[in-house]
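Here is my note on the model. Please read it with the structure open beside you.

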Amino acid sequence: MLCYNKFGGDIMKKIAVMTSGGDAPGMNAAVRAVVRSALHHGFEVYGVYYGYKGLVEGKIEKLSRGDVSRIINRGGTVLGSARYPEFLKEEVRQIAVDRLKAFGITGLVVIGGDGTYRGAQSLNEMGIKCIGLPGTIDNDISSTDYTIGFHTALQTVVDAIDRLRDTSMSHQRCSVVEVMGRNCGDLALYAGIAGGSEFIITPETGFDKQLTLDAIRDSHLRNKRHAIVVVTEHMLDVDELSKDIEEFTGYETRATVLGHIQRGGDPVAFDRVMATEMGEYAVELLKKDIGGRAIGLSGLNMIDYDIKEALTMKSDVSNKRYGLVGRLK
């Protein structure tokens, strides 16, 4: 559905922007870029509040340039977010399509992870041109080198490891640190390298308990004053591993689960710039009447893939760095 402006003749499209799934630092920068770029190109632009749930419930408001002022440096998402498994049902998605059509909205920019992408793919197949931006701290979208929020979360984890190392060295301890990532070990891997951790356990490395214990005991026998073990969440019980390390190696050991502290905070400059460029790229695609694409970063270049392809791609970025970890222990 298209609408005519008050002068008649010129057709102005309406597009919307939303954030979905877990929040990630830099989402606000992306929202700001979409809104301001869209207005620059003559679009009317709307914000969908609270993800797909808000879309179905009709929580859609027109946005102005001023509505996105002073948010580029803020963490979280001013549009809010929500998990909404009901969106898997076709009849629920049809309600969302009807909501958008009632506003005359023909294009939608969605910012989130793989679940968000799947929702966008479905809406695109139902006639709403959708563009996906990768917003997740896990860095588990394989169609992009980095996701919005990853570098900020990484810095938060590295800061925590640096602080834990101070205490570990002072007390000759081993610290086991659990970080987020779901099924992707990038956050643990990059933080482990940047934090100088001796041992990194991720879905990509797998976990051999005895080999890990032997390596940590060897470290202790070589009179190392401390050890840091970084673990991707859901792989093991870090409290149990800490007990096993202490009993087997002689290191006094403590476990730390960083949890949702990794998600919040002001985005670092990299996330702000990348999110801004991605938001502008999304509007450029919609201006060309292109939908069904997922935007990513490849080297220094913005790229886009079919959303279906983006969801099935496999990443080898982490694999290139595991040899480095072994050489630096």
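Which residues does Leu187 touch, not counting residues up to four places away in sequence?

1. Leu187 contacts. Leu187 touches Ile137, Phe150, Ala153, Leu154, Val157, Val179, Met180 and Gln262. Contact here means heavy atoms within 4.5 Å.

2. Ground rules. This is a predicted model: local features need pLDDT of at least 70 and side-chain atom pairs count only at pLDDT 80 or more, while totals for chains, interfaces and linings use all residues. Residues are numbered from 1 along each chain as its sequence is written, and side-chain values use heavy atoms, with hydrogens and water left out.

3. Main core. Leu187 is also among the residues with the most contacts inside the largest nonpolar core, which has 54 residues. Others in that group include Val17, Ile111, Leu133 and Ile148. Helix H5 (residues 150–171) gives the largest share of this core, eight residues. A second, separate core has 25 residues, including Phe87, Ile105, Tyr117 and Ala310. A nonpolar core is a set of buried Ala, Val, Leu, Ile, Met, Phe, Trp, Tyr and Cys residues joined through side-chain atoms within 4.5 Å. Buried means under 20% relative accessible area, exposed over 50%, and partly exposed in between (1.4 Å probe, protein chains only). In soluble globular proteins, nonpolar side chains tend to be buried together.

4. Seven-stranded sheet. The strand order is E5-E4-E3-E6-E7-E12-E13 in an open sheet with mixed pairing. Its edges are strand E5 (60–62) and strand E13 (301–306), each pairing on one side only. The twist averages 25° from one strand to the next. Two strands pair if DSSP finds at least two bridges between them. Helices (H or I, at least four residues) and strands (E, at least two) are DSSP runs, numbered from the N terminus.

5. Strand E6 and its neighbours. Is E6 mostly covered or mostly open? E6 is mostly covered: eight of its eight residues are buried. E3 pairs with E6 in the parallel sense over six bridges. There, Ile15 has Gly107 in E6 as its bridge partner. E6 and E7 also run parallel, joined by six bridges. Ile111 stands opposite Leu133 in E7.

6. The antiparallel pair. Strand E4 (residues 44–48) meets E5 in the antiparallel sense, over three bridges. Tyr46 stands opposite Lys62 in E5.

7. Helix H1 (residues 27–40) touches strand E3 (14–19), E4, strand E6 (105–112) and strand E7 (129–134), and its direction makes about 175° with that of E3. Helix H4 (residues 114–125) touches E6, E7 and strand E12 (293–298), at about 170° to the direction of E7. Axes are lines fitted to C-alpha atoms, for helices over the stretch in contact, and angles run from 0 to 180 degrees between N-to-C directions.

8. Four-stranded sheet. This open sheet has the order E9-E10-E8-E11, with parallel pairing. Strand E9 (199–201) and strand E11 (252–257) are the edges. Strand E8 (residues 173–179) pairs with strand E10 (residues 227–232) over six bridges. Val177 stands opposite Val230 in E10. H5 lies across E8, E10 and E11, running at about 165° to E8.

9. Helix pair. Helix H7 (residues 209–221) and helix H8 (residues 238–249) pack at about 50°, with their axes 9 Å apart. H7 and H8 are therefore oblique to each other (under 35 degrees counts as roughly parallel, over 145 as roughly antiparallel, 65 to 115 as roughly perpendicular and the rest as oblique). Among the residues that meet are Leu213 and Ile216 in H7, with Ile245 and Phe248 in H8.
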